[in-house]
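Try each task before you read its solution.

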Amino acid sequence: MRSKRLRREIDDLAAQGRIEDGTRDRPVAVCRKRARFTSGVRIAAMECRHCASPLEKPGDFCLVCREANADAVVLDVARDRTTMTMLEDDDVVGETTITTVPEDGDEAEVVELRNYAGLIADEIRRKRPEEVYASGDREVVRAVRAELHYPFYRVDGDDPVEAVRKRRGDRALDVVETPPAEKIGGSHTTLIGGRTGMRAIQTVAGHPHVKKVIPGPIDAGGKGSQSGLRAKVTRADDGGNVRLLLRDGSSVQENRIVTTARDREMGERVREDLNDVLSEEEFQ
Ligand SMILES: [Zn+2]
């Protein structure tokens with residue numbers, strides 16, 4: 001229940017046209033300082049915190065003053081429903097839900113999944129966030145990630161918003177904006193696994209905390225029997241760098257990955273992220 005005082009405050013702001021009142025299913029709005037939770041009713045910013053122009057949806061990028069009103073977006077993704085939470089600093093400034101009715105059957109499902117991912121991506125783009133975090137259904141997350149060019153991270157846990165807040169609390173890791181292709185270097189240009197190997201390397205190079213990927217020599221003397229390319233990131237060294245092991249039948253290639261982590265602990269975080277992305281892309 002809302003307190004009488006809060007109820008009055010909301011009514012006043014609504015009367016002035018400064019907010020829209022909301023429900024759990026249709027969460028809405030006030031200026032950032034007032035954003036708060038009251039037993040399931042969420043109130044978030046419906047006006048630009050820079051110039052006070054009205055926003056169509058909470059956390060939208062302001063088209064009047066060209067400033068963002070959400071610096072991060074957190075997705076809690078299920079196959080049929082995604083909750084998207086907008087954060088500015090560590091405040092929740094809005095929340096929105098995107099749903100779909102999952103289809104069965106190859107073609108129908110492909111189209112439905114693509115539309116669902118497209119809707120989520122559209123909602124994210126209108127915020128123009130600095131970062132996107134996602135937890136939940138891997139297939140959907142992969143499809144959304146493919147549509148966007150924002151630094152994109154996977155988070156785990158029951159409460160992804162809380163996990164992201166904690167993580168952003170110690171923002172020790174720099175983000176590299178170099179295009180993935182320009183991050184791949186070194187004197188060994190041959191990769192095992194051909195085009196698939198290249199795709200694995202590019203997947204890793206696309207990570208915002210990866211500075212450089214340096215392919216190593218190929219060792220063909222192993223006795224592995226598995227067919228198909230497998231990719232795995234190994235434990236971080238003291239400097240926070242890791243290695244990408246590519247395995248294809250009996251061939252193994254160890255590739256150096258220079259990260260923006262400066263110690264083992266942060267390097268391990270990057271390793272977990274990279275292995276998540278590789279398994280999402282079905283290299284594991
Ligand atoms: Zn504005």
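This is a predicted model: local features need pLDDT of at least 70, side-chain atom pairs count only at pLDDT 80 or more; totals for chains, interfaces and linings use all residues.

**Exercise 1. Work out how β4 is covered and which strands it pairs with.**

Solution. 

Step 1: count the burial. In β4, 6 of its 6 residues are buried.

Step 2: sort them by direction. Ala-72, Val-74 and Asp-76 point one way, while Val-73, Leu-75 and Val-77 point the other way, and both sets are buried.

Step 3: take the antiparallel partner. β4 pairs with β5 (residues 81-88) over 6 bridges in the antiparallel sense, and a hairpin of 3 residues connects the two strands. To get your bearings, find Val-74, which sits opposite Thr-85 in β5.

Step 4: take the parallel partner. β4 and β7 run parallel and are joined by 6 bridges. Here Leu-75 stands opposite Ala-134, the residue from the previous exercise.

**Exercise 2. Which residues of α5 are buried, and what do they pack against?**

Solution. 

Step 1: size up the helix. α5 spans residues 194-205, so to speak a run of 12 residues, and it reaches 16 Å from first C-alpha to last, close to the 16 Å expected.

Step 2: pick out the buried positions. These are Gly-197, Ala-200, Ile-201, Val-204 and Ala-205. They lie on the same side of α5, because they cover an arc of only 140° around the axis.

Step 3: recall the geometry behind that. An α-helix has 3.6 residues a turn, so residues three or four places apart point the same way.

Step 4: name the neighbours. The buried residues of α5 pack against β9 (210-214), β11 (229-233), β12 (242-248), β13 (251-259) and α6 (264-280).

**Exercise 3. Are Arg-128, Ala-52 and Arg-66 buried, partly exposed or exposed, and where does each one sit?**

Solution. 

Step 1: start with Arg-128. You'll find it in the loop between α2 (106-125) and β7 (131-136). Arg-128 counts as partly exposed because it has 18 C-beta neighbours inside 10 Å, and buried would take 20 or more.

Step 2: look at what Arg-128 meets. Beyond neighbours within four places in sequence, Arg-128 is in contact with Phe-61 and Ala-68. Ala-68 is 60 residues away from Arg-128 in sequence, but their C-alpha atoms are 6.5 Å apart in space.

Step 3: go to Ala-52, in the loop between β3 (41-44) and β4. Ala-52 is not a glycine, yet its phi is positive, at about 65°. It has 13 C-beta neighbours inside 10 Å, so Ala-52 counts as partly exposed.

Step 4: finish with Arg-66, also in the loop between β3 and β4. Arg-66 has a positive phi too, about 60°, although it is not a glycine. Its 10 C-beta neighbours inside 10 Å are why Arg-66 counts as exposed.

**Exercise 4. Where in the protein chain is confidence lowest, and where is it highest?**

Solution. 

Step 1: get the overall figure. The chain has a mean pLDDT of 82, and 81% of its residues reach 70 or more.

Step 2: Confidence is lowest in β2 (residues 36-38), with a mean of 34, and highest in β4 (residues 72-77), at 96.

Step 3: Over residues 23-43 pLDDT stays under 50, and the model has 55 contacts beyond four places in sequence for them.

Methods. Residues are numbered from 1 along each chain as its sequence is written. Helices (H or I, at least four residues) and strands (E, at least two) are DSSP runs, numbered from the N terminus. The expected span of a helix is 1.5 Å times one less than its number of residues. A residue is buried if 20 or more other C-beta atoms lie within 10 Å of its own, exposed if 12 or fewer, and partly exposed in between; C-beta atoms are placed from the backbone. The arc is that of the directions from the helix axis to the C-beta atoms. Two residues are in contact if their C-beta atoms, placed from the backbone, lie within 7 Å. pLDDT is the predictor's confidence in each residue, from 0 to 100. Two strands pair if DSSP finds at least two bridges between them.
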